[in-house]
Amino acid sequence: MPHPSTMKAWLYNSTTPSVDANLTFDASARSPLAPSRPDQVLVKILSTSLNPADCKVPEQVTILGRTLICSLPASPGLDFCGRVAATHANHQGEFQVNQLVYGCLARPRTYGTTGEYVLVDENDLAALPEGVSIDDAACVGVAIRTAYQSLKYYIKTPGKKVFINGGSGGCGVFAIQFAKNLGAHVTVTCSGRNVSLVKELGADEVIDYTSVDVTETLKEKGQVFDHVIDHIGFPSDLYAQCHHFLKPGGRYVQVGSKSIMIVVWRVITPRFFGGGRRWFVPLMLENSKEDLVAMGKYLAEKKIRVVVDEVFGFEDVKKAYEKLHSGRARGKIVVRVTEEGRE
């Protein structure tokens with residue numbers, strides 16, 4: 001497969017007011033260079049899935065609207081499934097040209113997954129297992145491993161009670177399934193329209209946040225939960241009041257929030273100033289190859305399933321990010337970068 005000098009890509013030159021507000025399509029953008037190290041692989045993207053981190057990370061570390069994460073113009077996107085387009089001449093690894101692979105970039109880069117090609121380290125790449133679809137594999141990188149890591153270090157025995165704040169989003173749909181696989185009793189929040197979905201995924205109890213006060217509802221239960229996973233950061237008093245429903249020794253794991261300042265406030269506010277009384281864990285994804293491969297096996301063995309809200313064409317990347325940021329997606333949002341090479 002010849003190395004392309006140009007490619008189709010969605011690019012941003014500024015993060016003000018946001019990454020997605022600045023996205024423009026370029027039919028002849030510069031493509032990544034050929035692999036310069038034996039452990040690098042050039043991949044042609046077939047599908048990508050969107051994550052809040054695609055835009056939030058570049059937007060948080062900026063100066064005068066220009067991200068300090070990578071050089072601009074840049075393409076957002078971390079998760080992908082595609083075909084190996086090229087390897088280094090001295091490549092001795094497991095990957096071969098034209099092989100189907102999936103993976104996740106360790107951080108936002110100049111060449112993200114909303115471009116046709118990405119240059120990937122072997123550690124961020126895995127072979128696509130038989131029986132796993134391209135679109136499903138494109139969802140494996142960030143959300144599914146985040147959900148897995150929010151539980152695997154904390155739930156060691158069956159019978160634990162887990163509360164998941166935000167059960168129908170990109171991470172929540174996986175967290176429910178992993179918690180059930182670990183033998184936990186699972187309580188989640190979601191809106192009324194998503195109750196049937198989260199119950200189908202295994203939720204034992206559902207709190208409709210549109211109809212009740214979530215914090216008060218949990219407080220009425222008493223100290224019954226062994227573990228809390230928060231994907232939303234709302235209600236704002238949820239962590240400060242969690243000692244009423246989270247057992248001593250339990251962990252409050254913050255996976256995501258509508259604002260980074262919610263997380264900062266929860267980290268720095270001491271108990272005597274209204275902070276929480278349980279151990280607070282702001283989760284940072286561990287970009288583990290072992291976990292990446294394990295997630296592919298989970299999908300192949302039907303131990304978990306991917307919930308896809310909507311599949312967008314490559315021409316509709318901006319619309320896809322708009323839906324992501326609306327907060328109303330049920331599961332993952334997928335973009336098909338190309339229809340070629342899916343056979």
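Trainee: Why is Phe245 called buried?
Mentor: This is a predicted model. In it, Phe245 has a relative accessible area of 0%. Buried means under 20%, so Phe245 is buried.

Trainee: How do you know whether Phe225 counts as buried or exposed?
Mentor: Use the cut-off again. Phe225 has 2% relative accessibility. The limit is under 20%, so Phe225 counts as buried.

Trainee: What makes the pair of Phe225 and Phe245 edge-to-face?
Mentor: A pair of aromatic rings is described by the distance of the centres and the angle of the planes. For Phe225 and Phe245, the centres are 6.5 Å apart. Pairing needs centres within 6.5 Å. The planes stand at 85 degrees, and over 60 counts as edge-to-face. So the pair is edge-to-face.

Trainee: What makes this pair a link between distant parts of the chain?
Mentor: Phe225 is in strand E13, and Phe245 is in the loop between E13 and strand E14. They are 20 residues apart.

Trainee: How many aromatic pairs does the whole structure hold?
Mentor: The search finds twelve. There is also an aromatic cluster formed by Trp10, Phe25 and Phe314.

Trainee: Which residues touch the most other members of the largest nonpolar core?
Mentor: Tyr102, Ile164, Phe174 and Phe178, out of 42 residues. Suppliers of at least two core residues include helix H3, strand E10 and helix H4. A second, separate core has 33 residues, among them Leu72 and Phe314.

Trainee: What does Phe178 touch, leaving out residues up to four places away in sequence?
Mentor: Ile144, Ala147, Tyr148, Leu151, Met295, Tyr298 and Ile304.

Key
Residues numbered from 1 in each chain as written. Predicted model: local features only at pLDDT ≥ 70, side-chain atom pairs only at ≥ 80, totals over all residues. Heavy atoms only, no water. Core = buried A, V, L, I, M, F, W, Y, C linked by side-chain atoms within 4.5 Å. Buried < 20%, exposed > 50% of the residue type's maximum accessible area, 1.4 Å probe, protein only. Helix = DSSP H or I, 4+ residues; strand = E, 2+ residues; numbered from the N terminus. Contact = heavy atoms within 4.5 Å. Phe/Tyr/Trp six-rings, centres within 6.5 Å; stacked < 30°, edge-to-face > 60°.
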